[in-house]
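Me: I am new to this structure and would like a close look at a single part of it. Please keep the answer plain and connected.

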Amino acid sequence: MKITFYGQNSLGIEIAGTHLLVDPFISGNPLSKDLIDINTLKADFILLTHAHQDHVLDAEAIAKRTGSTIVSNYEIAMYYQNLGITVHPMNHGGSWKFPFGMVKYVNAIHTSSFADGTYGGQPGGFVIEGEHKNIYIAGDTALTMDMKLIPMQTKLDLAILPIGDNFTMGIEDAIIASDFVQCDKVLGVHYDTFGYIEIDHEAAKKQFYDAEKDLMLLEIGESIEL
Ligand code: NI
Ligand code: MN
């Protein structure tokens with residue numbers, strides 16, 4: 001499994017030749033827009049955690065160009081189906097075996113509305129089991145006890161957690177979340193994009209290190225292999 005960071009919560013995930021794109025927000029991201037061209041991104045499936053603009057901005061354009069399937073909660077799926085895009089609706093607690101692996105839509109504590117005010121259902125995260133590696137994409141969320149449910153069913157290899165504070169968990173809560181999901185290997189997301197969520201990278205890494213955990217912060221366009 002190869003994971004590429006495109007800024008904010010945008011991730012490319014390659015599982016045995018299938019390309020997933022999570023929360024594409026690139027053309028409007030001041031940190032990503034000059035580095036990543038959305039017209040070159042591959043996507044067989046686009047996974048959306050919730051409807052906020054900093055997660056869905058480029059979903060419509062990329063889905064229409066690539067013919068990919070949008071996977072999200074029911075309300076977000078219907079929104080894109082009405083735009084003529086192929087969708088796979090899910091809802092909280094539900095799993096589906098896709099050709100590339102299993103996806104479960106899990107709870108998140110946040111809000112979810114489109115930029116024009118359209119209701120975007122309830123926000124979520126994804127647990128993905130594919131190619132012998134399991135990951136948790138928390139999406140935008142507060143620290144929540146529901147995270148403790150995840151390791152009851154899935155042994156995670158990587159937890160992708162928001163760390164920017166203000167709109168989501170900050171560093172301290174993300175460290176506790178890492179305990180809750182029983183995964184000490186964390187990829188931080190949802191930081192630095194806007195003034196409210198700027199972080200000190202070295203201080204953040206040290207806080208994780210002091211808790212005997214590993215926080216990875218990738219450059220825009222940088223990949224890791226699991
Ligand atoms: Ni959000
Ligand atoms: Mn967000």
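Where is the place of His 110?

Reply: His 110 sits in the loop between β8 and β9; strands (E, at least two residues) and helices (H or I, at least four residues) are DSSP runs, numbered from the N terminus. This is a predicted model, in which local features need pLDDT of at least 70 and side-chain atom pairs count only at pLDDT 80 or more, while totals for chains, interfaces and linings use all residues. Residues are numbered from 1 along each chain as its sequence is written, chains are lettered from A and ligands numbered from 1 in the order in which they are written, and side-chain values use heavy atoms, with hydrogens and water left out.

His 110 is buried, where buried means under 20% relative accessible area with a 1.4 Å probe and protein chains only. His 52 is buried as well.

Leaving aside residues up to four places away in sequence, His 110 touches His 50, His 52, Pro 123, Asp 140, Thr 141 and Phe 167; contact means heavy atoms within 4.5 Å. The side chain of His 110 makes polar contacts with two side chains: that of His 50 at 3.4 Å and that of Asp 140 at 3.2 Å. A polar contact is a pair of N or O atoms within 3.5 Å; within protein, one must be able to donate a hydrogen and the other to accept it, and residues adjacent in sequence count only if both atoms are side-chain atoms. From His 110 to Gly 139 there are 29 residues in sequence, and the C-alpha atoms are 9.0 Å apart.

His 110 also belongs to a metal site. Through NE2 it coordinates the nickel ion (ligand 1), together with His 50 (NE2), His 52 (ND1) and Asp 140 (OD), at 2.2 to 2.3 Å. Donors are N, O and S atoms within 2.8 Å of the metal (3.2 Å for Na, K and Ca), and sites may look incomplete because water is not among the atoms. The spacing of the donor residues in sequence is H-x1-H-x57-H-x29-D. Asp 140 coordinates both the nickel ion (ligand 1) and the manganese ion (ligand 2), which lie 3.1 Å apart. The pair links distant parts of the chain: His 52 is in the loop between β4 (45-47) and α1 (53-56), and His 110, 58 residues away, is in the loop between β8 (101-107) and β9 (124-130).

Methods: Buried means under 20% relative accessible area, exposed over 50%, partly exposed in between (1.4 Å probe, protein chains only).
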